[in-house]
Amino acid sequence: MQGGSSGIGYGLKYQARCISDVKADRDHTSFLTGTLSLKEENEVHLLRLSSGGSELLCEGLFSHPNEIWDLASCPFDQRIFSTVFSTGDSFGAAIWQIPEPYGQSNSSTLECVASLDAHVGKINCVLWCPSGNSDKLVSMDEQNLVLWSLDSSKKSAEVLSKESAGMRHSLSGGAWNPHDVNSVAATSESSIQFWDLRTMKKVNSIERAHVRNVDYNLKREHILVSADDESGIHLWDLRKTNVPVQELPGHTHWTWAVRCNPEYEELILSVGTDSAVNLWFASASSENKTSGSPVEASRQRVNPLLNSYTDYEDSVYGLAWSSREPWIFASLSYDGRVVIESVKPFLPRR
């Protein structure tokens with residue numbers, strides 16, 4: 001199914017690549033996004049969906065000193081988030097706290113809680129432990145994984161361990177396993193690597209060229225979804241990784257990111273450099289069973305693409321489901337356009 005967009009839009013002043021759901025905000029459907037301007041002062045926008053769901057409001061506007069390449073909200077404190085940034089000459093990463101009070105009328109200065117300064121090369125991402133109030137973080141550069149302990153009250157972050165992935169591997173990103181707090185998946189040019197954080201050793205891998213992004217299925221313990229530059233989207237059963245359990249065609253150009261829905265295990269979103277957001281229906285099981293009505297089963301066999309949102313004029317890089325309202329997602333195109341969409345018409349029957 002192909003479609004435009006009936007979503008709610010919001011425009012950033014500058015180009016941007018990353019957006020994050022504010023999981024710790026239990027009262028509002030909120031997202032954080034940051035800009036990517038080399039010449040101008042960059043900004044972090046705190047966006048909230050209005051109570052009626054008809055407007056996307058800027059609840060806070062904060063200055064950020066450098067261009068933002070990665071942004072992730074703390075899962076247990078809505079005022080804390082991480083960024084990976086570039087000065088033009090080098091990369092850095094830091095943990096920030098939103099000041100109070102705040103508002104959109106003036107660009108407030110963020111408070112730096114801690115600098116993640118154990119890296120030398122290009123930093124790609126910061127991952128927050130998905131389990132409760134854990135103080136653990138993982139940061140990755142092209143060669144290393146670093147495990148941190150964060151103490152926001154003391155404004156410090158301590159390196160617990162650091163390990164090299166080896167010169168033959170160039171790490172690009174990853175995801176923390178929500179079913180096992182000791183396991184992290186890391187993407188590289190030639191594989192998906194699985195790391196045990198207790199030993200900081202690689203324990204398994206899936207040999208796969210040009211994997212761009214991965215995400216775990218929150219409802220299926222052994223299912224991982226990967227986005228490949230050119231070969232689309234693959235669902236893997238981590239108990240037997242020799243072949244994917246399902247393949248989806250992806251995008252007409254590079255598939256940039258994938259996100260599994262936090263509540264509806266069959267729904268997957270993807271974005272790409274073809275200026276589109278795709279919504280997929282996938283069984284996410286090695287048996288390829290479908291749950292729900294015969295209509296849904298037929299839909300999966302015939303065409304797993306439920307909808308394609310195409311009302312974008314630039315590559316789409318940022319993508320986030322709302323954990324509070326799991327039928328809502330936010331997407332972000334490179335030209336700084338944020339769009340909020342609802343997938344309620346496509347929800348599987350329970």
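These legends describe close-up views of a predicted model.

**View A. The hairpin of strands E13 and E14.**
Strand E13 covers residues 144–151 and strand E14 covers residues 156–164. The two strands run antiparallel and are joined by 8 bridges. Leu150 has Ala157 of E14 as its bridge partner. Between the strands lie 4 residues, and Lys155 in this hairpin has a positive phi near 55 degrees.

**View B. A salt bridge between Glu59 and Arg48.**
The side chains of these residues meet with an N to O distance of 4.0 Å. The pair links distant parts of the chain, 11 residues apart: Glu59 belongs to strand E5 (residues 56–64), and Arg48 belongs to strand E4 (residues 42–49). Glu59 is partly exposed, at 28% relative accessibility. Arg48 has a relative accessible area of 11%, so this residue counts as buried. Asp25 is linked with Arg48 and Glu59 in a network of salt bridges.

**View C. A salt bridge between Lys136 and Asp135.**
The closest N and O atoms of Lys136 and Asp135 are 3.0 Å apart. Lys136 is partly exposed, with 29% relative accessibility. Asp135 is also partly exposed, and its relative accessible area is 27%.

**View D. A salt bridge between Asp196 and Arg198.**
Here the closest N and O atoms are 2.9 Å apart. Asp196 has a relative accessible area of 13% and is therefore buried, whereas Arg198 is exposed at 61% relative accessibility. The whole structure contains 14 salt bridges, including the one between Asp196 and Arg198.

Terms used
Residues numbered from 1 in each chain as written. Predicted model: local features only at pLDDT ≥ 70, side-chain atom pairs only at ≥ 80, totals over all residues. Heavy atoms only, no water. Pairing = 2+ DSSP bridges. Buried < 20%, exposed > 50% of the residue type's maximum accessible area, 1.4 Å probe, protein only.
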